[in-house]
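Here's a friendly walk through one protein model. Take a look at the picture first, and then we'll go through it piece by piece.

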Amino acid sequence: MTRRQQIHALVDPRSHAHVAGRVRTLGGMLALIGISAISIDTLPHPVHVVTAIAAACVGIVAAVFMLEYLVRLWVAPEVARFRNLGPRGARLRWAVSGEGVIDLLAVLPVLATASGGARLGAVPASVYVLLWVIKLASDAQGFELIVRVVRNHRSALSAVAVLFLIVLFSAATLIHLLEGQSQPKSFGSIPASLWWAMVTLTTTGYGDVIPHTPLGRMLGGLVMICGIAVLALLAGILAMGFADEVRRREFARIWELVARVPFFADVGAIAISDIVARLRSRNYPPGTHVIRKGEPGDSMYFIVAGEVEVRIGGPVRTLSDGGFFGEMALIDRKPRSADVVTVTPCTLLVLEVVDFYQLAGQQPSLVRAIEAEADHRRESDRLRA
Ligand code: CMP
């Protein structure tokens, strides 16, 4: 892997890597610090020390964003969709892409702070808040998720939007007919009545405009109930879409990790999808006790990356990428036979006991291979004892 590829893997917003996640979190925190600092700068009676600290924070955050912009521009040739454009073409395409433009706008405060000293120069600070909020939103994984959910469920969402508009215009027309004469200012026309219809339909109910006739009030009640129904429908579609998308992404992420474990190499595509759906990934720092001797066993682990030590008394056993552990307690239904401690940062796939037994029924050959290794380990532990 070249240096540029390594750095791209760190700053790629689509990367699932643990370190890339940390870099994204750090970027998000920096943007939040910057936004707070600029917000302080908009206070009407600023305290000198606070303003100076806020300006310093803005400067630092903006400088980091500037550096990030330059780095992302440099690694643009590694972006999959620009790879065939050559280095210069890829950088140009990235610079004019949505991501590139938002990142460029986010570094504008650097120039302003440089020219404006402690205060933010001639441009209103709120503009920078807006720019950094956009950057925060575009970098956040959740934002992309929302866009995806809306795109996947656009037909259902447009059906709800049409329903909303039908109720909105019907309510505005009816209230105009019922109350137009007694309250010409609020309900004299359909466009004027739309404000009341919108406020009532979304169940916001400011109470600035209210129907006076009994029929008008009955209509108000009906519109509120319709509003709750429409919003419930909308919430249901979005919640279902979110859960679906999160499950799909998790599946793709685990699939990628499972592909790195040689133990699963010979398993067919249908069986592997069954296994992937049962696994969860976990990251552990070095020195973590993943398993403690004597504790009840509730799961087993496959090592995607990293190294663990099995401490059973006598010389330790080391297991690394592709290995597994924690199977003996599940097979024997006995407490854990050893301590297992991470030596390096580890990415593990966890299989819960329920899924282990279900898998034993559906993928007997796989579980037989695990059992064979467990027999071998038991024998070697017995000989050593
Ligand atoms: P379990 O008993 O559930 O928890 C401790 C784990 O250490 C055990 O499962 C095995 O997975 C692992 N283990 C025990 N003995 C050995 C060994 N000799 N070599 C490798 N791993 C072992």
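A residue counts as buried under 20% relative accessible area, exposed over 50%, and partly exposed in between (1.4 Å probe, protein chains only). This is a predicted model, where local features need pLDDT of at least 70 and side-chain atom pairs count only at pLDDT 80 or more, while totals for chains, interfaces and linings use all residues. Residues are numbered from 1 along each chain as its sequence is written, and side-chain values use heavy atoms, with hydrogens and water left out.

So, is Gln-183 buried or exposed? Gln-183 has a relative accessible area of 12%, so it is buried. You'll find Gln-183 in the loop between α9 (154-179) and α10 (184-187). Helices here are DSSP runs of H or I with at least four residues, strands are runs of E with at least two, and both are numbered from the N terminus. Not counting residues up to four places away in sequence, Gln-183 touches Gly-188, Ile-210, Pro-211 and His-212, where contact means heavy atoms within 4.5 Å.

Leu-67 and Lys-185 are 118 residues apart in sequence and 57 Å apart in space, C-alpha to C-alpha.

Now for the sheets. Two strands pair if DSSP finds at least two bridges between them.

| β1-β8-β3-β6 | β1 (279-284) and β6 (324-325) |

Six bridges join β1 to β8, and the two run antiparallel; Asn-283 stands opposite Thr-347 in β8. Helix α12 lies across β1, β3 and β8, at about 70° to β1, while α13 lies across β1 and β8, at about 50° to β1. Those angles run from 0 to 180 degrees between N-to-C directions, using axes that are lines fitted to C-alpha atoms, for helices over the stretch in contact.

Val-310 has Arg-317 in β5 as its bridge partner, and Glu-309 has Thr-318. β4 and β5 form a hairpin with five residues between them, and Gly-313 in the turn has a positive phi of about 105°.

How do α13 and α15 pack? Helix α13 (residues 269-278) and helix α15 (residues 353-362) have axes 11 Å apart, at an angle of about 170°. They are therefore roughly antiparallel, a label for angles over 145 degrees. Asp-274, Ile-275 and Arg-278 in α13 meet Asp-355, Gln-358, Leu-359 and Gln-362 in α15.

Finally, the inside. A nonpolar core is a set of buried Ala, Val, Leu, Ile, Met, Phe, Trp, Tyr and Cys residues joined through side-chain atoms within 4.5 Å. The largest one has 23 residues, and Val-258, Phe-264, Leu-279, Met-300, Phe-302 and Leu-349 have the most contacts inside it. α13 gives the most to this core, with four residues. Leaving aside neighbours within four places in sequence, Met-300 is in contact with residues including Phe-324, Leu-349, Phe-356 and Ile-370. A second, separate core of 22 residues includes Ile-35, Ala-54, Phe-82 and Leu-131.

Key
Angles under 35 degrees count as roughly parallel, over 145 as roughly antiparallel, 65 to 115 as roughly perpendicular and the rest as oblique.
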